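Subject: Model for you to look over

Hello,

Here is the structure we talked about. My notes follow below it.

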Amino acid sequence: MSRSFGIIGLGNIGKVHVRVFKQLGCELTAVLVSKEDSFGIASEYLHSQVGKTPIVTLETNEFFSQDLDFIVLASPVDTHYEYLVKCFNLELPVFCEKPLIWDPSPTKLKYKIKKIKSYNGKFLVNTANTIFIDQLKGRFPLENTRRFCFSFHTKGQHRGSSVAVDLLPHATALVTATYGYGGKINDFESHTSNNNYSASFYYKDKQIIFDFVESTSGPKKMALAFDEKIFERQVSGTAETYKVRLIEKSKNLSFEVDDPFLIYAKKFLAQEFQ
């Protein structure tokens, strides 16, 4: 059965989600954008990629008045809380870009987390990079490693501490996927510059190191290092030809990984509608 969905935010990651859910047979019905100049760009893009133009609007009420089965939330994180509350009040499942919510005020953040929990709403946060851990665990005993380093360089435009807000959910999800939940963080240190964030700490006696860079002009890179083994992500193709490989150069090892976005979208649909 085809599912109708609406998307809030149509930046680079939003376009990926449109492609993936379309590939799974879902129909994009409505798009909510926040700026007037995004309106024409979104309409033109969707007409060329989707085949027909869904409703594109700046008005929240018009967007939510459409006949929707679920929502993809890909807007800036400071808007997530408001939209999540709206979706949960309407009993709409949400496929949410990370992080779920954020507030620089610890008091306000605790309140928002408590409020979100009170709704018992249906959602899945997109931490699709954990698929790499699932694939690697089938080949190597990762849980026995003593050191994990995650290097992630993107084309993002965040600066200062916002780099950490944007990319830490990826990194922490990889840590818990590898070593499990319930550990304490010790000896935490971090450094923030204009477009770089780095951190080091110990978790369950494992040494953890993060290296993040966001630069629109710099190269993209993702690498996962477990002790002496370093796996780099290699991406090729677009849309239906999109492919991902992990390469371990020291032993000339390379293997294809299932599309993480596609796996997580399938997981969401199975979780909410089957």
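The count comes to five salt bridges (a side-chain nitrogen of Lys or Arg within 4 Å of a carboxyl oxygen of Asp or Glu). This is a predicted model: local features need pLDDT of at least 70 and side-chain atom pairs pLDDT 80 or more, while totals for chains, interfaces and linings use all residues. Numbering runs from 1 along each chain as its sequence is written, and side-chain values use heavy atoms, without hydrogens and water.

Asp259 pairs with Arg19 at 3.1 Å, N to O. Asp259 sits in the loop between strand 14 (253–257) and helix 8 (260–273) and Arg19 in helix 1 (residues 12–23), so this bridge ties together parts 240 residues apart in sequence. Helices (H or I, at least four residues) and strands (E, at least two) are DSSP runs, numbered from the N terminus. Both Asp259 and Arg19 are buried. Buried means under 20% relative accessible area, exposed over 50%, partly exposed in between (1.4 Å probe, protein chains only).

Lys112 bridges to Asp103, with the closest N and O atoms 2.9 Å apart. Both Lys112 and Asp103 are buried.

Glu256 and Lys243 form another bridge, at 3.8 Å between the closest N and O atoms. Glu256 is partly exposed at 43% relative accessibility. Lys243 is also partly exposed, at 42%. Shared partners join Lys243, Arg245 and Glu256 into one salt-bridge network.

Ile101 is in the loop between strand 5 (94–97) and helix 5 (106–119). Ile101 is buried at 11% relative accessible area. Its C-alpha is 7.2 Å from that of Asp78, 23 residues away in sequence.

Best wishes
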